[in-house]
Amino acid sequence: MAEPVQPSGNQKEERVPVLQQILDNPFLLLFIGVVMPTVFYILWGVMEIVTIPIAN
Amino acid sequence: MSELFRTCPRSGLVFHKPAETLIKLNAVTAVVFLAVGGILGLLVVMTRWPAVHLLSSELFYQVLTGHGIIMLLVWIIFFEIAILYFCSSTLLRSRLATPRWAWLAYALMLGGAAITGVAILQGGSSVMMTSYVPMPAAPHFYLGLILFAVGALIGCFVFLGTLVVAKNERTYEGSIPLVTFGALTACIIAIFTIASGAIILIPTFLWSVGYISEIDPLMYRVIWWGMGHSSQQINVSAHVSVWYAIAAIVFGARPMSERVSRTAFLLYIAFLQLASAHHILVDPGVGTEWKIFNTSYAMYLAVLASMVHGLTVPGAIEVAQREKGYTNGMFEWLRKAPWGNPVFSGMFISLVGFGFLGGITGVVMGTEQINLIIHNTIYVPGHFHPTVVLGTTLAFMALTYFLVPVLFRRELFLPGWAKWQPYVFGFGTALMSLFMMGAGTLGVARRHWDMAFSGAPFSFEFGGAAYMMMGLTGIFGVVSVIGGAMFVIVVVGSLVLGKKIEDKSEYTTTRPAILPLGPAAPAHHGKGFVAPGTFVLALVFLATFVVYYFLNWMYLSSVWPMN
Ligand code: HEM
Ligand SMILES: [Cu+2]
């Protein structure tokens, strides 16, 4: 498996579109899928809860 | 190290031996738990049926806790792990990364499920699957859940590892197939889900053994639903992938547009989990901005993605059928579909049930104002049985009918039953859910043993309509359980008694041929929409949705007279 295999066709000349680059990168997707809900749901939500003043 | 592969002559699928064993094991374990959960479901629904009122109150809450956990977590997630291994190793023709870790994952999940199961059986943990603090369960109730989650997390990493192996060893050309991409979406959501679960359940475990003095109930609810809701989104991603897979298996259908479908999955990855906030809509303490951002803007993008899938799957089937010559009128392609094949009928009922019953009610409940009409009523299980039972469970059943001959090399046992099963199960579940919704709109509470409030200090008298709805819930719940039992009997029967299929495929160490690039989507020439029938169905869907949505605003205005 030393020599780089060229997948069929003229893919070399075509630039891979940005969207496809994102879609083809599982770890980037994992990053998006964890950061979005962590920031907007968990962190934001938890911040609102901890800033509720304590009754006395 | 030489790896063993076999090619199934029926389907052309390539199985890596350890992956094949693990897929079978996880799927069979799932079905066993489905059977147990179904029996508990029968007991639950027979108790909510006012004329029967089967269990004592204590047993009812205990059994309901077991039903929720065994169905929602154990059955579904074991099956999903099987799907992850199938979509990575089998569909990419790759060896499974680290089968040993996959075995460990299995052991942890089984052990965890057993430990939590024992805790529920012992009776001190009837806290419902949500286990809200400060209601205490036994420590091992939480411990089992944590072990189960760790196991599932390992399964997710085995899936990701297999994607890496397949890429490095060049087992496929181009991008991963769409179905694998959908499984990747499920896996990503699962990782967030399990992380949220760990953040809240580990402290709760420590609280239950006395190391932590207190857990804030609101904090618990917010983070718990990061897990509880997101885990439903694992299911949605997984069953949508199954729809695509079945469309390809049964019709040779190709996605109408790979890019559109993948972008829809990307919307799931980015936005679906934020909708967890719809469970917190009536909680004080978190602000309106947080609620509205997460349940409106974000959730609608995710709903849009579901509508894209709901449109492109039948659209792809329609295109494939029209290519085969079923071109008469709007709907010949649908009329001439193989309605007697449970792989297809199960998938199609899943799609329609999920969209019309689960999807529409989900958007209604996710709207802050109209959520108030039905919050915590039996409308809620009336919404999620169509999503997780009609949608996810039935899609998984349909896939199982395809996998039994392929994986176990046996014909289906009682094929006549298999043919009817999706209809019985789909019909029973759909009607049970509709009547739950009806009763919920009239105010009948969920998780409630006695709607007559006998002996309660404040009494309330429901009208006859509410009682009738709960009676019909009971009757169709029994039909649904019969449909579920037919599935279990067919599957278990096939494994034990099914006729062996003559299949000469042997395991060899030859590396399977590289998975070629899929054929490009058909180019559409000529005028008009390529899938007019699907377009009409989509319009019907939208019209139903709009009418139902405004009906609920009307109900709201009659709850609080504003006119
Ligand atoms: C086989 C037929 C089934 C029947 C007859 C059935 C019946 C019911 C009923 C009547 C309730 C509501 C009880 C109440 O709130 O008072 C319920 C709750 C529930 N069911 Fe099912 N069900 C079935 C299958 C399933 C399946 C396949 C799943 C999941 C995949 C599932 C998941 C749940 C969950 C998560 C709850 C909520 C538990 C809670 O409130 O803590 N059910 N079921
Ligand atoms: Cu939810």
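Me: How far apart are the centres of domain 1 and domain 2 of chain B?

Reply: In this predicted model, the centres of domain 1 of chain B and domain 2 of chain B, taken over C-alpha atoms, are separated by 21 Å. The domain assignment gives residues 14-172 to domain 1 of chain B, while domain 2 of chain B is made of the pieces 338-452, 461-501 and 531-563.

Me: And how many residues are in contact between domain 1 and domain 2 of chain B?

Reply: On the side of domain 1 of chain B there are 35 residues in contact, and they meet 35 residues of domain 2 of chain B. Between these two domains of chain B an area of about 2800 Å² is buried, and carbon and sulfur atoms give 77% of that area.

Me: Switching to the metals, which residues are the protein donors of the iron atom of ligand 1?

Reply: The protein donors are B:His67 and B:His385, each through its NE2 atom, and they lie 2.0 Å from the iron atom of ligand 1. Counting its six donor atoms, which make angles of 88 to 180° among themselves, the site of this iron atom is octahedral. B:His67 is in helix α2 (residues 57-92) of chain B and B:His385 in helix α12 (residues 379-408) of chain B, and the pair links distant parts of the chain, 318 residues apart.

Me: Are B:His67 and B:His385 buried or exposed?

Reply: Both B:His67 and B:His385 are buried.

Me: OK, and what coordinates the copper ion, ligand 2?

Reply: The copper ion (ligand 2) is coordinated by B:His229 through ND1, and by B:His278 and B:His279 through NE2, at 1.9 to 2.1 Å. In sequence these donor residues follow the spacing H-x48-H-H. B:His229 lies in helix α6 (residues 217-251) of chain B, whereas B:His279 lies in the loop between α7 (258-271) and α8 (288-323) of chain B, so this pair ties together parts that are 50 residues apart in sequence.

Me: Why does B:His229 count as buried while B:His279 counts as partly exposed?

Reply: B:His229 has a relative accessible area of 6%, and because buried means under 20%, B:His229 falls in that class. B:His279 has a relative accessible area of 21%, so B:His279 falls between the 20% cut-off and the 50% one, which is the partly exposed range.

Me: New topic: which peptide bond is cis?

Reply: The peptide bond from B:Val133 to B:Pro134 is cis, with omega near 5°, and B:Pro134 is in the loop between α3 and α4 (139-168) of chain B. The reason to point it out is that most peptide bonds are trans.

Me: What about B:Ser131, what is its phi?

Reply: B:Ser131 has a positive phi of about 40° although it is not a glycine. B:Ser131 is also in the loop between α3 and α4 of chain B, and at 0% relative accessibility it counts as buried.

Me: And where is B:Asn376?

Reply: B:Asn376 sits in the loop between α11 (368-374) and α12 of chain B, with a positive phi of about 60° although it is not a glycine. At 47% relative accessibility, B:Asn376 counts as partly exposed.

Technical notes:
Residues are numbered from 1 along each chain as its sequence is written. Chains are lettered from A and ligands numbered from 1 in the order in which they are written. This is a predicted model: local features need pLDDT of at least 70, side-chain atom pairs count only at pLDDT 80 or more; totals for chains, interfaces and linings use all residues. Side-chain values use heavy atoms; hydrogens and water are left out. Donors are N, O and S atoms within 2.8 Å of the metal (3.2 Å for Na, K and Ca); water is not among the atoms, so sites may look incomplete. Helices (H or I, at least four residues) and strands (E, at least two) are DSSP runs, numbered from the N terminus. Buried means under 20% relative accessible area, exposed over 50%, partly exposed in between (1.4 Å probe, protein chains only). Four donors count as tetrahedral if all angles lie between 85 and 135 degrees; four count as square planar and six as octahedral if opposite donors are over 155 degrees apart and all others between 65 and 115; anything else is irregular. Domain bounds come from an automatic or database domain assignment. Contact means heavy atoms within 4.5 Å. Buried area is the accessible area (1.4 Å probe) that two parts lose on being put together, summed over both.
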